[in-house]
Amino acid sequence: MSSRSQARLGRSLLLHLVLTPLALIWLFPLWMMVVFSTMPDNGIFSPDIELLPHGNFIDNVNNLQRDTNFVGAIGISVSVAVTYTFLSVLLTSMAGWALARYEFHGKGAVVAIIFGTITLPYAVVLIPQFIMVARDFALANTWIALIVPPLFNSLGVLFMRQAFSMMPAELFDAARVEGVKEWRIFLFVALPLARPMLAALAIILFLASWNNYLWPLLINSQPGAMTAPVALGTLIGLTKVSWGGIMAGAVMLTVPMLIVFVLLQRHFIAGIAAGAVK
Amino acid sequence: MRTQNATAYRFLTPYLLIFAIFWVWPIISSFLISFQATRTVPWRFAPTFNWGRLIGDPAFYNALKNTLLILVIQVPVMISLAIVMAVLLNSPLLKARGLYRFAFFAPVVVGEVAYSAVFRLMFSLDFGIINKLLNSVGLPKVDWFSNVTPAMALIMIAVTWRWAGYNAIIILAGLQSIPDDVYEAATLDRVSRVKQFFHITLPLLKPVIVFCAVLSIIGTMQLFTEPFLITERGGPGGGTETLGLLLYRQGFRSLNFGYASAVAYTMAGLAIAITLVQLWLTREPK
């Protein structure tokens, strides 16, 4: 073996020696989430070190359902996330399309404002949003309250603007020459071409809605109107509560997203990385 | 190109409408509310009522101190870790790349509530797996929830676990956009790999790292769920109370919207100031 390939082997070995323990530490909380969700409560609170799954998952799901209507909350979370994703993808791609493909008065101002909101903490709008939705519109504990206020999304618009501005103009000009209306060009020419970007955006938006906590905690605080994370959050810190149940809930919130992540990793990563590559 | 005002605004209107109602008006509104006494109905204009209280409020300084402490320790640690993850994941020598990527990127999809619950259980005093493992290698148990320093450390560990991979994804995308021939030239000139990292990679990554740092600072500035759920409402005794928690407590527990708005604007001011300093520190040399 040449000294060069020996050096290469050494470097490769070192790389894996550093990365493997770090990866195991990073996987540990997820692994323990699964392990806890399969253990009875007296197993979780025992002095033994337990690192392997048991067989109590279904019991824990039943315990969780006894503590809070988690199945109902999952139903709300899924419906809200699906509706939100559809509407948000539509709104942000329409706005992104306008910013990418038309010249109009006030364009620079619109872009500047959208950029400006990225660095503005959400805390600044939280209280008036709450007063408006809960008091002025009397929409607390409704789906509308969960879906509509988060529809403003600045990174999504910038992402779609980028996607549409990279398409060659001839594609659209050809349609225009034939007299096709602008909204038909958008719907039937531009959107299909942007499918990979739309997929990336949809995944990120769905995940954001699925995991959203603070806003749903404030606006939908009635038991029958809670999303799944909020319902689960109410149990944390209570005394007479099944921790196996809480962990089963955490698994039900997390594992579907992990599966989606594994299947659609490329879109996921594209969606997240897009924020930085402008 | 001719202007297409009508068409453009037809596409923009729904989005701008949502923006106007749920962002523009609230930004103005919370500024105005911060100058009103909101504890009695009707609210009345009282310019120094909330801001005067804020300046003398020990609870505010405690939350500010904790938030800044988390900020100056957690963000640099996490960004450094994210750079290490991204650089190692980008190595052509890596085998089973998919597995490592999964390990570091998976926390990105985990919700705040789910992971807060797991961390709370893992770090509990007598039955937490972390203390059991510490004990099994001969180290003493740590009371993560009753002492301020370990409780703060726990919050930082949790946030770092959740967000390091997210930043690594962005940095990795930045790394992959650096053309290979830059390194080939350096390798031909016998520049060591460590030197290449510090003199080529890091400078080229600077814009991406600044972007990550700014997003992380704004995120950590508003930290709420972790001290709310993991250390139970900012415990022990306010030891992990953050500005986000103070805002929640004042706005939505005491229903004192005026004071909460003053806290919100303080957070915004800090975020903007830190962002500007960051951009200035990393400005392109002329």
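Residues are numbered from 1 along each chain as its sequence is written, and chains are lettered from A and ligands numbered from 1 in the order in which they are written. Because the model is predicted, local features need pLDDT of at least 70 and side-chain atom pairs count only at pLDDT 80 or more, while totals for chains, interfaces and linings use all residues.

The model scores ipTM 0.89 and pTM 0.91. Among the elements of chain B, the highest mean pLDDT, 95, belongs to helix α3 (residues 58-89), and the lowest, 83, to helix α8 (residues 180-188).

Chain B contains 12 helices and two strands, where helices (H or I, at least four residues) and strands (E, at least two) are DSSP runs numbered from the N terminus. The order of elements from the N terminus is α-β-β-α-α-α-α-α-α-α-α-α-α-α. The C-alpha trace of chain B spans about 75 × 75 × 35 Å along its principal axes.

Of the 286 residues in chain B, 46% are buried, a residue being buried if 20 or more other C-beta atoms, placed from the backbone, lie within 10 Å of its own. Contacts join residues whose C-beta atoms, placed from the backbone, lie within 7 Å. Among the contacts in chain B with a separation of 6 or more, 70% are between residues 24 or more positions apart.

In chain A, domain 1 (3-56) and domain 2 (68-235) are assigned, with bounds from an automatic or database domain assignment. The C-alpha centres of these two domains of chain A lie 37 Å apart.

Note on methods. A residue is buried if 20 or more other C-beta atoms lie within 10 Å of its own, exposed if 12 or fewer, and partly exposed in between; C-beta atoms are placed from the backbone. Two residues are in contact if their C-beta atoms, placed from the backbone, lie within 7 Å. pLDDT is the predictor's confidence in each residue, from 0 to 100.
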